[in-house]
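Please consult the sequence and the structure alongside the text.

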Amino acid sequence: MRNKRILNWAGIAFIGLTYQACNIPVLTQRTENKVVPVSFNGSQDSTNTGKVSWKTFFTDPNLNALIDTAFRNNQELNITMQEIAISQNEIQARKGEYLPFVGLRGGAGVEKAARYTNIGASEATTDIKPGRETPDPLPDVNIAAVARWEVDIWHKLRNAKKAAATRYLSSIEGKNFMMTNLAAEIANSYYELLALDTQLAIIRQNIDIQNNALKIVRMEKEATRVTELAVRRFEAQVLKTQNLQYGIQQQIIETENRINFLVGRYPQPVQRSSQGFENLVPNVMQSGIPSQLLSNRPDIKQAELDLEAAKIDVTVARANFYPSLGLSASLGLQAFSPIYLARVPESIMGSLIGDLAGPVINRYAIRAGYANANARQIQAIYNYERTVLNAYIEVVNQLSNINNLEKSFDLKTKEVEALNQSTTISNRLFASARADYMEVLLTQRDALESKFELIETKMRQMNAMVNIYRALGGGWN
């Protein structure tokens, strides 16, 4: 009869707790927008350069060696790898929360009850065994196996593990996105280094040309065909050009060390190609269709996984409103003296307890946790939509950049050719006294500047090729 009353009260308590759980606050919900434009530039060709392996996309073996070394040694990337390991351990921790916990427990102690209490009076009049009084104080020795288990009725603990597993996958995509950016940064710095080498070579060529012009001016001055002013102006031009090489040399050192830092090594010369930089031809880029960004770009996949984990977190927070059922059990040996532990079954002790608990009155912390989880879910939705939008705009910008740089390079090439011819003509006219020395100086200066601009345009072309490859999601696979 007593057990029946206990069961009735347990049923009433469960019904009451469940009723309280039904009173869950209603929060504002939002669904992410996964719709993207159907194309970048009107083309429906699904060929996508972003799916090409970086080892195939970059054809320079020196550049590929740098990227490969960076993927092994870059400190920031290795820090991210440890974060992935931490995320993986978090999965095991969450898994352990919904599995039974079993352990061993042992202890010894002594207890003395006051004589004029229920326990003290009972022990004073009860023999521990026939003819032997209960020891006072009463020792206690026990050894037992104990178990605890929270029954995951509402899948709260399993969902917490699922959220941890999703964040683990998100951390992997974060690592992939870091690899994409790392490969792009090294490639851009490498092409900048080649451009600086070319500019330095141009400066040294111009120094030789200007020195030859200076010799001619000096001979003209000896022949009284020009004044000392012309000689001094040509000398100043030579000195100015010579001074330019030191700034370029410093930029080369800094660019090399930027690459060395990304590769994870101390300063050293960077091996690079010696072929003509101005003759490099950017790869033909195929952008595919915008929907491919959702599967190609690691940052979009990371944002999507973070959003999925945030949704699961809301489910976990909602489950906190429902009652939880816990079971605890123990089985072992207990006696007032170690010598009696082996007397079975008298020394056997055991327990089995079920615990039903749930919030009834003060639920502010649970409500706040639920509201925060929902707010973080909405944040994750906005972050996902922002990431997709940013990816699309990056591709569109770089496609336009490639097109405009191609036209700019063609025009700049023609400008350089025209100024090179102008330099030859001005020198010939000056030698025949049909041109002023200022025309020669200005033409040489313009020719040098145009060559520099041509190399910078080529560098921007190569950088645009790298950036569109990164924007399409390439560089990590």
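Is Glu 83 buried, partly exposed or exposed? With a relative accessible area of 45%, Glu 83 is partly exposed; buried means under 20% relative accessible area, exposed over 50% and partly exposed in between, with a 1.4 Å probe and protein chains only. The structure is a predicted model, in which local features need pLDDT of at least 70 and side-chain atom pairs count only at pLDDT 80 or more, while totals for chains, interfaces and linings use all residues. Residues are numbered from 1 along each chain as its sequence is written, and side-chain values use heavy atoms, with hydrogens and water left out.

**Helix packing**

- Helices (H or I, at least four residues) and strands (E, at least two) are DSSP runs, numbered from the N terminus.
- Axes are lines fitted to C-alpha atoms, for helices over the stretch in contact, and angles run from 0 to 180 degrees between N-to-C directions.
- Helix H4 (residues 75-98) and H6 have axes that come within 8 Å and cross at roughly 170 degrees.
- H4 and H6 are therefore roughly antiparallel to each other; angles under 35 degrees count as roughly parallel, over 145 as roughly antiparallel, 65 to 115 as roughly perpendicular and the rest as oblique.
- In the contact of H4 with H6 there are 14 nonpolar, 4 polar and 9 charged residues; Ala, Val, Leu, Ile, Met, Phe, Trp, Tyr, Cys and Pro count as nonpolar, Asp, Glu, Lys and Arg as charged, and the others, Gly among them, as polar.
- H6 also packs with helix H7 (residues 228-263), at an angle of about 165 degrees and with the axes 8 Å apart.
- That angle makes H6 roughly antiparallel to H7.
- The contact of H6 with H7 comprises 21 nonpolar, 12 polar and 10 charged residues.
- H6 and H7 cross in a left-handed manner; a crossing is left-handed if the near helix is turned anticlockwise from the far one by less than a right angle, and right-handed if clockwise.
- Helix H9 (residues 298-319) and helix H10 (residues 364-431) have axes that come within 8 Å and cross at roughly 165 degrees.
- H9 and H10 are therefore roughly antiparallel to each other, and H9 passes H10 in a left-handed crossing.
- The contact of H9 with H10 has 13 nonpolar, 5 polar and 7 charged residues.

**Aromatic pairs**

- The structure holds 8 aromatic pairs; rings of Phe, Tyr and Trp (its six-membered ring) pair if their centres lie within 6.5 Å, and planes under 30 degrees apart count as stacked, over 60 as edge-to-face and the rest as tilted.
- The rings of Trp 54 and Phe 71 form an edge-to-face pair, because their centres are 5.5 Å apart and their planes stand at 90 degrees.
- Trp 54 lies in helix H2 (residues 54-57) and Phe 71 in helix H3 (residues 61-73), so this pair ties together parts that are 17 residues apart in sequence.
- Both Trp 54 and Phe 71 are buried.
- The pair of Phe 57 and Phe 58 is edge-to-face as well, because the ring centres are 5.0 Å apart and the planes lie at 85 degrees.
- Phe 57 is buried, at a relative accessible area of 5%, and Phe 58 is buried at 1%.
- Phe 57, Phe 58 and Tyr 469 are linked by ring pairs into a cluster.

**Selected residues**

- Glu 83 lies in H4, and its C-alpha atom is separated by 9.2 Å from that of Ile 172, 89 residues apart along the chain.
- His 155 has a positive phi of about 60 degrees although it is not a glycine.
- His 155 belongs to the loop between strand E4 (138-151) and helix H6 (156-222), and is partly exposed at 42% relative accessibility.
- Met 465 is located in helix H11 (residues 437-471) and is buried, with a relative accessible area of 3%.
- From C-alpha to C-alpha, Met 465 and Asp 60 are 14 Å apart in space and 405 residues apart in sequence.
- Val 388 is placed in helix H10 and is buried, with a relative accessible area of 11%.
- The C-alpha atoms of Val 388 and Asn 41 are separated by 17 Å, with the two residues 347 residues apart along the chain.
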